[in-house]
Amino acid sequence: MVKENKVDARKWVSQAADGKNPTGVDLRRACTVCAYPEAGNADIVLGWLGMGGSLLVAAKDSVDLSGVAGLESASVPDARVKLLENLTQEKAQAKAKAVAEFNSSVSSMDNLAEVLATCIKCQNCRQACPICFCRECVSAGPIFDHNGDKYMEYAKRKGAIELPTDTALFHLTRVNHMGLSCVGCGQCENACPMDIPVGLMFQALSQPNQDRFEYEPGRSLEEPIPITVYKEHELEELNTGKH
């Protein structure tokens with residue numbers, strides 16, 4: 001919008017300093033439910049929220065900005081700290097509401113199939129996902145690549161076949177692989193040409209596992225993904241003593 005001269009960047013920064021959206025343009029769904037208004041693990045953070053039109057440049061202790069011209073040492077204003085706390089709470093509540101509404105509307109596999117009914121299996125969501133980095137992806141192999149003869153075999157065996165097939169399997173496989181690591185960036189939803197709420201679906205289906213393991217993806221670069229480590233006292237409710 002800045003490139004198209006629809007928004008004056010300097011004016012927008014000043015107007016958006018209180019955390020509002022002065023343009024009136026709808027924000028990405030992921031942005032409306034993102035409880036992280038400030039990056040936690042970035043080497044350098046540029047912030048305008050709560051700065052009254054000024055720009056905050058914050059860096060880790062390991063980053064030396066003393067030689068950068070025009071920067072002055074200053075403390076973070078209390079107004080910014082309070083605003084970030086309020087925004088974090090508001091967005092967390094908005095996310096909980098969106099997830100609850102999605103879960104309520106998708107209470108069965110049939111309902112999920114309706115949500116995914118327009119999926120054309122372009123796999124843009126997989127390509128756009130920043131944490132989908134397997135060198136060989138199961139969804140790019142023969143499992144989801146059926147030719148016409150294969151479809152006819154299915155139809156003959158089942159008596160009928162709904163096209164496209166394996167749509168739910170593709171998306172549920174991605175949730176199974178990526179669910180614990182999903183940070184809710186929404187890039188998958190942005191890439192979907194059919195406007196399917198795949199980002200919201202991922203968050204809704206991933207949240208229970210993340211909560212179960214008390215794991216917050218992106219919280220720490222040193223914290224291992226739960227399924228890659230073993231803890232002796234974990235998931236004890238599944239221990240029946242029979243094995």
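User: Of the contacts between residues at least 6 apart in sequence, how many join residues at least 24 apart?
Analyst: In this predicted model, 65% of the contacts between residues at least 6 apart in sequence join residues that are at least 24 apart.

User: And what are the elements of the chain?
Analyst: The chain holds nine helices and two strands, and from the N terminus on the order of these elements is α-α-β-β-α-α-α-α-α-α-α.

User: Is the chain as a whole compact or spread out?
Analyst: The chain is more spread out than a compact globule, because its radius of gyration is 23 Å, well over the 18 Å that the globule rule gives for 243 residues. Along the principal axes, the C-alpha trace spans about 75 × 55 × 35 Å.

User: What share of the residues is buried, then?
Analyst: Of the 243 residues in the chain, 27% count as buried. The chain exposes about 16900 Å², and carbon and sulfur atoms supply 52% of that area.

User: Switching to charges: how many salt bridges are there?
Analyst: The structure holds five salt bridges. As a general point, side chains of opposite charge can pair when their charged atoms come close.

User: Which residue meets Arg 29 in a salt bridge?
Analyst: The partner of Arg 29 is Glu 189, and the N to O distance between their side chains is 2.5 Å. Arg 29 lies in helix α2 (residues 29–32) and Glu 189 in helix α8 (residues 187–191), so this pair ties together parts of the chain that are 160 residues apart in sequence.

User: Are those two buried or exposed?
Analyst: Arg 29 is partly exposed, with a relative accessible area of 38%, whereas Glu 189 counts as buried at 16% relative accessibility.

User: OK, what does Glu 38 pair with?
Analyst: The side chain of Glu 38 meets that of Arg 80 in a salt bridge, at 2.8 Å from N to O. This pair also links distant parts of the chain, with Glu 38 in the loop between α2 and β1 and Arg 80 in helix α3 (residues 78–105), 42 residues apart.

User: Why does Arg 80 count as buried?
Analyst: Arg 80 counts as buried because its relative accessible area is 3%, which is under the 20% cut-off.

User: What about Lys 60, where is its partner?
Analyst: Lys 60 forms a salt bridge with Asp 43, and the closest N and O atoms are 3.7 Å apart. The pair links distant parts of the chain, since Lys 60 sits in the loop between β2 (56–59) and α3 while Asp 43 sits in the loop between α2 and β1, 17 residues apart. Lys 60 is partly exposed, with a relative accessible area of 33%, and Asp 43 counts as partly exposed as well, at 46% relative accessibility.

User: New topic: which residues form a nonpolar patch on the surface?
Analyst: The patch is formed by Ile 44, Leu 46 and Leu 55, which together have about 300 Å² of accessible area.

User: Where is Leu 46, and is this residue buried or exposed?
Analyst: Leu 46 is found in strand β1 (residues 44–47), and at 54% relative accessibility this leucine counts as exposed, because the cut-off for exposed residues is over 50%.

Note on methods: Residues are numbered from 1 along each chain as its sequence is written. This is a predicted model: local features need pLDDT of at least 70, side-chain atom pairs count only at pLDDT 80 or more; totals for chains, interfaces and linings use all residues. Side-chain values use heavy atoms; hydrogens and water are left out. Patches are made of residues with over 30% relative accessible area and no salt bridge: like charges are joined within 9 Å, nonpolar side chains (Val, Leu, Ile, Met, Phe, Trp, Tyr) within 5 Å. Accessible areas come from the Shrake-Rupley method with a 1.4 Å probe; for residues, only the protein chains shown count as cover. A salt bridge is a side-chain nitrogen of Lys or Arg within 4 Å of a carboxyl oxygen of Asp or Glu. Helices (H or I, at least four residues) and strands (E, at least two) are DSSP runs, numbered from the N terminus. Buried means under 20% relative accessible area, exposed over 50%, partly exposed in between (1.4 Å probe, protein chains only). The radius of gyration is taken over C-alpha atoms; the globule rule is 2.2 Å times the number of residues to the power 0.38. Contact means heavy atoms within 4.5 Å.
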